[in-house]
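Colleague: I'm new to this one, could you put it up and walk me through it?
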Amino acid sequence: TDASGRRTMHFPSIEVTIDGETLPMLYDSGVTATLTESSAPQFDLAAGTNIGTSFIEREVFERWATTHPDWKIIESADRKGSQLRRMVQVPTVLVAGHVVGPVWFSEQPSGAFQKYMAQMMDRPTWGALGGSALKYFRVVLDYPDGAAYFHRDTKDIPR
């Protein structure tokens, strides 16, 4: 939003808590990873398949890898053009008062969110919350009022 509260862009942010740290994230239901020969078996899918994931900048990825050597990391897991990026499986994420998990995050270059996406958002973020976390919810977005409603009871969601 600008100084008068009018929206200038439409990239919503959301806070999540992981390992006791609150992280602002872009809410992005379209985040995808392209599976590689290294990662495809983990998901029981073919290499080249796009899956819903979440993104996290390298700095946070490195911190998680150092602090939690027990968290599953797949090297060369997500193909972005000619680049191969790692993925990490975070056991639990606190989203909108709900603990969910596990949630997969694909590593993103330093500055991808803190600098680049920050230009289009209300604040710098550390990544994007996507399908690997959102699959646990039925989400209703109210863009005009700037609200989101997360429901864990998914039994009524059409498959």
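**Strands, helix and loops**

Modeller: Strand β2 (residues 21-27) runs parallel to strand β11 (residues 127-129), and the two pair over 2 bridges, where pairing requires at least two DSSP bridges between two strands. This is a predicted model, in which local features need pLDDT of at least 70 and side-chain atom pairs pLDDT 80 or more, while totals for chains, interfaces and linings use all residues. Residues are numbered from 1 along each chain as its sequence is written, and side-chain values use heavy atoms, without hydrogens and water.

Colleague: Which residue of β11 is the bridge partner of Tyr27?

Modeller: The bridge partner of Tyr27 there is Leu129; strands here are DSSP E runs of at least two residues and helices H or I runs of at least four, numbered from the N terminus.

Colleague: And in what order do the strands form the open sheet?

Modeller: The order of its 9 strands is β6-β7-β10-β5-β11-β2-β1-β8-β9, with mixed pairing. The edge strands, each pairing on one side only, are β6 (73-80) and β9.

Colleague: New topic: where is Asp44 found, and is Asp44 buried or exposed?

Modeller: Asp44 sits in the loop between α1 (40-43) and β4 (50-52), and Asp44 counts as exposed because its relative accessibility is 71%, given that buried means under 20% relative accessible area, exposed over 50% and partly exposed in between (1.4 Å probe, protein chains only). Its phi is near 55°, a positive value in a residue other than glycine.

Colleague: What about the peptide bond from Gly101 to Pro102, cis or trans?

Modeller: That bond is cis, with omega near 5°, and Pro102 belongs to the loop between β9 (98-100) and β10 (103-108).
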